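User: I'd like to learn how to read charged pairs and the nonpolar core in a model. Can you walk me through it?

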Amino acid sequence: MLEWASLRSKPDVREANGPASSGGVPDPKPGRKAGISLALGGGCARGWAHIGVLRALDEAGIEVSMIAGTSVGALVGGCYLAGKLDELEEFARSLTKRRIFGLLDLNLRGSGLFGGMKLDQRLREHLDGARFDDLSKPFVAVASEIRTGHEIWLSSGSLVTAMRASYALPGVFEPVPCNGRMLVDGALVNPV
């Protein structure tokens, strides 16, 4: 995580410890006081606990200056920075076995058991058109490139695409095409 703080001069799609493409992670907004940086991990049920941690930090007046997240951590971190944490918490609290099965769109022809389009639709209801540039603080969603197995850091472009790529568990959800790469769940290479 210490290396992450020096990303300001690095590209927006980056292979951890490897080559990268063009662009850069945005600097924090001028005039803001320094806060803490968070690394939010995967692990579905445990990942929902990130919502409570973020609420506790807000209540304590501790400013979050940047977030890196993988899998459900990317989902929670992205929604928090986009101001949609209430909607995500409402969604998480409403999940029952029956509701989970209702959200899964069976896909026997693709590369995942479920297409993930019903979940994508839910994300787009609240975040359609949201981009990393719209966020109040720097954010990185961690994914894995399926072809090479490299860790990929996404920090520009569509927020929904980056979050979907970060939680696209192989065999369960289809890989997500992004910047010429096929991306899957970031927790495969870096669970936190």
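Analyst: Happy to. A salt bridge here is a side-chain nitrogen of Lys or Arg within 4 Å of a carboxyl oxygen of Asp or Glu. Keep in mind that this is a predicted model. With that cut-off, Glu-63 and Lys-137 pair up, their closest N and O atoms being 3.4 Å apart. Glu-63 sits in the loop between α2 and β3, and Lys-137 in the loop between α6 and β5, so the pair ties together parts that are 74 residues apart in sequence.

User: Are Glu-63 and Lys-137 buried or exposed?

Analyst: Buried means under 20% relative accessible area. Glu-63 is buried because its value is 18%, under that limit. Lys-137 comes out at 15%, so this residue counts as buried too.

User: How many salt bridges does the structure hold?

Analyst: Six. One of them joins the side chains of Arg-55 and Asp-86, at 2.6 Å from N to O. That pair links distant parts of the chain: Arg-55 belongs to helix α2 (residues 49–59) and Asp-86 to helix α4 (residues 85–94), 31 residues apart.

User: Which other residue forms a salt bridge with Arg-55?

Analyst: Glu-89, with the closest N and O atoms 2.7 Å apart. Again distant parts of the chain are linked, with Arg-55 in helix α2 and Glu-89 in helix α4, 34 residues apart.

User: Why do Arg-55, Asp-86 and Glu-89 fall into separate accessibility classes?

Analyst: Go by the numbers: under 20% is buried, over 50% is exposed, and partly exposed is in between. Asp-86 is exposed because its relative accessible area is 53%. Arg-55 has 26%, so it counts as partly exposed. Glu-89 has 17%, so it counts as buried.

User: Now the greasy part. What's the general idea there?

Analyst: In soluble globular proteins, nonpolar side chains tend to be buried together. In this model, the largest nonpolar core has 40 residues. Trp-48, Leu-54, Ile-67, Phe-139 and Leu-154 touch the most other members.

User: Which helix gives the largest share of this core?

Analyst: Helix α3 (residues 72–81), which contributes seven residues.

Notes:
Residues numbered from 1 in each chain as written. Predicted model: local features only at pLDDT ≥ 70, side-chain atom pairs only at ≥ 80, totals over all residues. Heavy atoms only, no water. Helix = DSSP H or I, 4+ residues; strand = E, 2+ residues; numbered from the N terminus. Buried < 20%, exposed > 50% of the residue type's maximum accessible area, 1.4 Å probe, protein only. Core = buried A, V, L, I, M, F, W, Y, C linked by side-chain atoms within 4.5 Å.
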